[in-house]
Amino acid sequence: MAVEVAFGQRELKRARYAVAAVFCVHGAVTGSFATRIPWIADHAAVSAGQLGLALAFPALGASVAMPLAGAVSHRFGARNALRGLLALWTLALILPALAPNLLTLCAALFVFGASAGMSDVAMNALGVEIENRLDHSIMSSLHGMWSAGALIGSAGGTLAAHLGSDARLHHALAAVTLTVLGLVACQGVLDLRSADDEEPPPRFALPPKSALAIGAIGFCAVFAEGASLDWSAVYLRDVMDTSAGLAAASTTAFALTMAVARLAGDRIVDRFGPVRTVRAGGVLATAGGLLVVLAPHPALAMTGFGCIGLGVAVVVPLAFAAAGRSGPRPSQAIAGVATITYTSGLIAPSAIGAVADASSLVVSFGLVTALAFGLVVGAGVLRSAGRESAKSAPAETVSAPRP
């Protein structure tokens, strides 16, 4: 049985800022990696098709490893687990650039994704715990900090690529810097520990039933996000016949829209609640999808992509928060939702391409529009009994404050 020790508001606020910094560091690793993919592909001498295969391995690694995060946190405590898992993730940034061929690149990306997934579950579980104790929404802004970190990492990677820097050197320096920053940030997170008589969670387990419906909402949002992020530039260039520069700008604008919406999303969630927020977001994303499909002018299509970004921005943070309150083992539920959303991110780009090959990109974004409407229909699954009932539910961990 778990015994809960109360934290003061000052300590909770400090923990919130610490977890926000962790999210930023996590995102910076992704941004640093993404900008050097062309260099990594050239170094490993892989074709475009082989690169596509290799880029499936991060999601595969994450899906396999995420269920382990709960067991790691149970054994070592939330702070130590996050400290170790985040360090694995930041240091794993070094691996892909070292790969000399397709086989080693796939192996490196599998490890890269596994460390990403486990640290992702650990930091989201801590974020949900802090949100429950503060009794107001913070998950959207935490994911906004992840997006901000990704933009920072991308900016650094863009500069390194512009200067012609060797990605092995760039990623080694970035990995060391981000590891130090991550370890410093982890000092401020809550030190949650399991009770001595609490059964450890299973090392591998299927997502609990409570996570499946919530995960379906996350699936729709991530599919729309991934499709728009990866294909908006191609859509504008091929369907709307824009210049390459304007097409690329649409992708950057979409990413900025997502980051800003997430950073501002907590106030909206606190005022209107998760169900109404997601339902309204679904309406906006559906309207954006229709605008993309029907737009006669590039400006309208770009506006449509912006509406999709605004509409889906807060869905995944709210899905993680709902999962964390859906049962007695938050880490297992969060891992289940994360696995479903990672799967969506894995299949979205290829699914859009397959539909486009069979018909057209316009039809592909008709599919995106349909999934966006799924947010309107399914938003009710995010309805919880309230944070008060979540607080009174059996806790998964024991709070053990340390100096």
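**Entry 1: contacts along the chain**
I began with contacts in this predicted model. Counting those with a separation of 6 or more, I found that 86% join residues 24 or more positions apart.

**Entry 2: overall make-up**
Next I looked up the secondary structure and got 17 helices and two strands. How much of the protein is buried? I noted 53% of the 403 residues. For the accessible surface I wrote down about 16,800 Å², and carbon and sulfur atoms hold 68% of that.

**Entry 3: helix H14**
I picked out H14, residues 315–324. It is mostly covered, with ten of its ten residues buried. For my own list, the buried ones are Val315, Val316, Pro317, Leu318, Ala319, Phe320, Ala321, Ala322, Ala323 and Gly324.

**Entry 4: H8 against H14**
A reminder to myself: a pair of packed helices is described by the angle and the distance between the two axes. I looked up both for H8 (residues 102–134) and H14, whose axes come within 9 Å and cross at roughly 75°.

**Entry 5: Thr277**
Then I went to Thr277, which I found in helix H12, residues 244–294. Is Thr277 buried or exposed? Its relative accessibility is 10%, so it counts as buried, because the cut-off for buried is under 20%. What does Thr277 touch, once neighbours within four places in sequence are left aside? I listed Ile268, Val269, Phe272, Val314 and Leu318.

**Entry 6: cysteines**
Last, I looked at cysteines. A disulfide is a covalent bond between the sulfur atoms of two cysteines. How many disulfides are there in this model? My count came to zero, with sulfur atoms within 2.5 Å as the rule for a pair. I also looked up two cysteines one by one. Cys106 has 8% relative accessibility and so counts as buried. Cys220 has a relative accessible area of 12%, so I put it down as buried as well.

Technical notes:
Residues numbered from 1 in each chain as written. Predicted model: local features only at pLDDT ≥ 70, side-chain atom pairs only at ≥ 80, totals over all residues. Heavy atoms only, no water. Axes fitted to C-alpha atoms, helices over the stretch in contact; angles between N-to-C directions. Helix = DSSP H or I, 4+ residues; strand = E, 2+ residues; numbered from the N terminus. Buried < 20%, exposed > 50% of the residue type's maximum accessible area, 1.4 Å probe, protein only. Contact = heavy atoms within 4.5 Å. Areas by Shrake-Rupley, 256 points an atom, 1.4 Å probe, with all protein chains shown as cover.
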